[in-house]
Amino acid sequence: MAYRLDLDEFDDSDSSSVDDCRTHFIDNLRTTLTILLIIQHSIIETASSSYPYFHSQTLTVFVFMTKTIVVGLFFFVSGYAASISRITSSTYYSTGRSDPEYVWRRTVRLLFPGVAYAVLGHVILWMILTKSWPNFFGSAGSVSTDDGYSTPMAWGFARFEGPVVHILALYAMDMAYVYLRPSKRGVIAGGVGTRSPRPEDARPIRAPQPRRNYRLVKIKSKNDWYTLVGVALGLLSLWTFAVAASGKSEKSLLRLGFNVASYDTVLPSAPFQYILAYMAGIQLYQWQNFMLISSPYATPAFFLALVTSVSSLQLAAKISPALEEMIHLNTPWPVHPSFIDGGFNFHTLFFAVWNACTFFAMAATIVSVYAQWEWTRRDWGLVARHSYIPIWVHMIPVVVFVKLLAADGGWSASRGASSAPALAEESVAWRCFLVATGSVICSWFMSLSVVGAGWVLGC
């Protein structure tokens, strides 16, 4: 028997504002995704600084799987949160936030911080870190190549660019959502039912008014859902193949600005995969009977999807040297190309289909587990409520721990292996664990410190 998503499960008992309503499984899923992102960056940094001693196939596959899944799921979570935010600004009345309110809140929370950090924030942060702690940040992850393009300053600076491109893309999707699906205050977006007024407040809830609303599809049966899934998988595969086969995946116009990000590898499926994920998140509440796998089967389905995705990826990597080169991490720098040797060939076609199927299968099963498992539906407290700041600051502790654990010898391939410290091959995976654990803990400590300082100052 599957749990049903219900607006009654919003928690506003500890909220000082009606805008602070929480959906626990969404908070918890976002927290898990943030932890996975920090672990991914920790492994990448430790692996590159330990070159050529990193040979863990397990961690290599883990990183590639997180690259495939995590960012898209962030957009899915954001889409669901946006839909619920517009359904209700009060967990009791479900009265619906007006469009101007929603646009202003998203502008303050996404656009202003994103632009400010992109223009000045990461520059100031980099200057402070390099001047205050030059041993850690002055030449973090030094890379020296003959062409002079990959300089230590360039790559070190790129580490702190943050999720600016993704934040701006999310803001654009939010604005498109408002334009295509307008709402009115006092009207329930999507026709979700409301509760009765409080006894002490006789104000009636207004009936929904006719309004302009764009809906591309309507799902009324399982057959409709399976058809929609097939179409989405086909379109995503075609998009990914078109970008990868062009041979210019890093600079393709189809990337719509995502190639600006110079540190995190953005796979060829972006941004179409993110748009589909955001749209699916918006529809989750209404289509939950079709999108969510019932609780007895959700966990087995997750492990089946995981085993199938990983085993097929490893098998294809053994057949295709280009695919193996694309996923491996044993390189002297942490930045990897989004695709290698793209064209009308086996590994390009395989990746296009594999990426679409893996993302759909893993995302569907993960969301089903989190939406229905009792433990993930609980309130995880402050850790889950403040998972936004760690996304911006986690590279600071990652770099620090990589240095402290002597995984970074400050050397590069061009200087030869003789400059490297005596790194035992079997200890690299253990260093990855220590760097990831320390970075996760310190990232949340920094986040809660900022929140505490804001509370003390009354911000």
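Residues are numbered from 1 along each chain as its sequence is written, and side-chain values use heavy atoms, without hydrogens and water. Because the model is predicted, local features need pLDDT of at least 70 and side-chain atom pairs count only at pLDDT 80 or more, whereas totals for chains, interfaces and linings use all residues.

The predictor's confidence in each residue (pLDDT, from 0 to 100) has a mean of 78 over the chain, and 73% of residues reach 70 or more. Over residues 140-152, pLDDT stays under 50. Where pLDDT is low, the predicted coordinates should not be read in detail.

Four salt bridges (a side-chain nitrogen of Lys or Arg within 4 Å of a carboxyl oxygen of Asp or Glu) were found in the whole structure. One of them joins D174 and R106 (2.9 Å, N to O). This pair links distant parts of the chain, with D174 in helix α6 (residues 164-180) and R106 in helix α3 (residues 99-132), 68 residues apart. E374 and R378 form another salt bridge, with the closest N and O atoms 3.7 Å apart.

S83, in helix α2 (residues 57-87), is buried, at 3%. The C-alpha atoms of S83 and D174 are 9.6 Å apart.

How values were computed:
Contact = heavy atoms within 4.5 Å. Helix = DSSP H or I, 4+ residues; strand = E, 2+ residues; numbered from the N terminus. Buried < 20%, exposed > 50% of the residue type's maximum accessible area, 1.4 Å probe, protein only.
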